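Colleague: Could you take me through this model before I set anything up on it? I'd like to hear about the core, the pockets and one of the sheets.

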Amino acid sequence: MSAFPKDFLWGGAVAAHQFEGGWSADGKGISIADVMTAGDNQTKRRITDGVQPGENYPNHDAIDFYHRYKDDVELFSELGLKCFRTSIAWSRIFPKGDEEQPNEKGLQFYDDLFDDLLAHHIEPVITLSHFEMPYHLVQAYGGWRNRKLIGFFVKFAKVVFDRYKDKVKYWMTFNEINNQVGMLNEWSLFTNSGLIIHPGENKEQAMFQAAHYEAVASALAVQIGHTINSDFKIGCMVAMGPVYPATPNPNDVFKAERMMQTNYYLADVQVKGHYPAFLEHYFARRQFNLDITLEDRDVLLAGKVDYIGFSYYASHVIKAADEEPTDFITLGSNQEIKNTTLHRSDWGWEIDPVGLRYALNWFSDRYDVPLFIVENGLGAFDKVEENGSIHDDYRIDYLRQHIEQMKLAVEVDGVKLMGYTPWGIIDLVSAGTGQMEKRYGVIYVDKDDQGKGTLARSKKDSFDWFHKVIQSNGEDLT
Ligand code: P53
């Protein structure tokens with residue numbers, strides 16, 4: 001008997017802008033991902049003022065799934081996936097974001113894709129907004145700092161809920177909605193919310209305003225979705241990076257607790273339907289001028305999500321500064337230190353399988369809704385051998401160790417878990433760095449950081465391994 005229920009959703013995860021390509025195909029508009037250049041471990045991605053000639057925009061062509069989806073779905077089927085998590089590129093449906101009528105060709109693409117997945121018995125799991133809002137909404141409205149964005153998003157949600165109501169059951173509203181809170185940097189404000197901070201503007205206030213409008217939009221989408229099809233399961237999606245104290249010094253322990261709040265405050269808002277007390281108090285103390293109305297509060301309460309989707313890659317270790325008063329967010333004083341008990345990926349992300357069990361228990365203790373691990377994985381350089389094979393035992397080890405801990409959480413700790421979709425099941429463009437060579441996939445794609453390659457797909461050793469894991473419902477991890 002398996003520890004996992006028989007309908008456990010083994011799958012793979014991606015996001016439209018990171019793998020579809022076809023950035024201007026069939027009427028698609030420019031998205032915020034289309035104005036981000038390639039970077040690497042040392043070089044940050046730049047946000048350009050519109051699409052500029054001569055720049056390298058890796059998301060424009062990505063891995064060209066848009067034109068190759070049939071072959072790729074065949075591979076997913078061979079892998080044995082029960083579900084496939086992707087997003088709907090908002091700018092395929094509403095190219096500028098504020099149109100009256102949706103773009104039929106964009107809608108048709110996802111009809112064809114979902115039909116194809118369903119024909120292969122693969123359940124689509126769909127994120128509505130995954131770092132890819134129409135760029136026009138940034139230019140004309142200032143992104144999510146503008147309340148009008150709620151209306152545009154809700155319209156988009158309604159159109160796709162209506163259209164795919166008989167094809168898609170599992171939805172999520174905003175991908176890693178809390179990244180902007182935890183990172184509070186130029187990249188996260190732009191990718192999460194389309195915010196470009198004006199000189200002199202209080203970026204923390206702008207971010208909380210944007211996150212609030214997103215939470216309201218999410219709650220409205222949940223309500224509308226449930227009226228369109230009462231079987232819909234609509235979740236939130238948060239990035240979970242457990243924060244450990246550097247020492248048993250109570251100041252470090254409390255600082256770590258404060259940093260944890262950045263992980264979960266938006267889960268509180270979306271699962272419980274209201275802001276946590278520490279944050280209401282923080283807003284007042286900081287004298288933020290936030291547009292949060294009584295009607296908004298009713299909406300939040302009426303639009304609670306059905307489950308928590310979350311990403312888990314790594315944990316963090318935090319040290320309190322001596323003279324610093326510990327508060328919810330302390331700008332520019334992020335004393336993250338290395339965890340000497342763990343190994344790191346080539347990109348410096350700490351590898352902590354037990355942290356996944358910790359995260360599952362943490363969520364399960366705080367919230368009474370099922371959980372869904374919708375991202376987890378190892379970004380690594382892969383080497384293609386002379387004969388074309390790729391021996392990615394490091395990736396197999398990573399996934400195996402995380403699945404072992406996930407299993408303990410289910411079997412021993414009683415965590416209610418819906419499924420597991422490793423990130424970037426097919427190699428794709430990294431969100432953080434814009435690289436192709438930060439690879440997560442069990443399927444290799446022949447393309448490098450300069451954009452060169454045949455785009456041919458091939459199976460890594462992890463492909464057969466993961467296939468066996470799925471076939472045995474998580475029992476055979478050898
Ligand atoms: P990449 C951190 C930094 C950037 C994006 O990340 C992140 C995280 C993790 O919290 O978010 C997710 O590609 C995101 C995906 C992304 C994946 O992590 O920088 O939802 O879009 O690709 C992995 O290695």
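Modeller: What follows goes through the core, then the pockets, then a sheet.

Colleague: What are the ground rules for the numbers?

Modeller: This is a predicted model, in which local features need pLDDT of at least 70 and side-chain atom pairs count only at pLDDT 80 or more, while totals for chains, interfaces and linings use all residues. Residues are numbered from 1 along each chain as its sequence is written, and side-chain values use heavy atoms, with hydrogens and water left out.

Colleague: OK, how many residues are in the largest nonpolar core?

Modeller: It has 151 residues, and those with the most contacts inside it are Trp144, Trp171, Tyr265, Phe310 and Met406. Such a core is a set of buried Ala, Val, Leu, Ile, Met, Phe, Trp, Tyr and Cys residues joined through side-chain atoms within 4.5 Å, where buried means under 20% relative accessible area, exposed over 50% and partly exposed in between, with a 1.4 Å probe and protein chains only.

Colleague: Which helix gives the largest share of this core?

Modeller: Helix H9, residues 203-228, with 14 residues; helices (H or I, at least four residues) and strands (E, at least two) are DSSP runs numbered from the N terminus.

Colleague: Switching to pockets, how much space lies in the largest one?

Modeller: About 1500 Å³. A pocket here is an open set of points on a 1 Å grid over the protein atoms alone, where a 1.4 Å probe fits, with protein on both sides within 12 Å along at least five of seven lines, and lining residues have an atom within 4 Å of a point. The volume is the space filled by probe spheres set on the points, which are joined across faces, edges and corners.

Colleague: And which residues lie nearest its centre?

Modeller: Of the 47 residues in the lining, Asn179, Met183, Trp187, His316 and Trp349 lie nearest the centre.

Colleague: What about the second largest pocket, how much space is there?

Modeller: About 260 Å³, and of its 14 lining residues, Pro5, Asp7, Phe8, Leu417 and Met418 are the closest to the centre.

Colleague: Last topic: in what order do the strands of the open sheet run?

Modeller: The order is E6-E8-E9, with mixed pairing, and two strands pair if DSSP finds at least two bridges between them. Strand E6 (243-245) and E9 are at the edges with a single partner strand each, so one side of each has no neighbour in the sheet. E6 and E8 pair in the parallel sense over three bridges, and the bridge partner of Val243 in E8 is His316.
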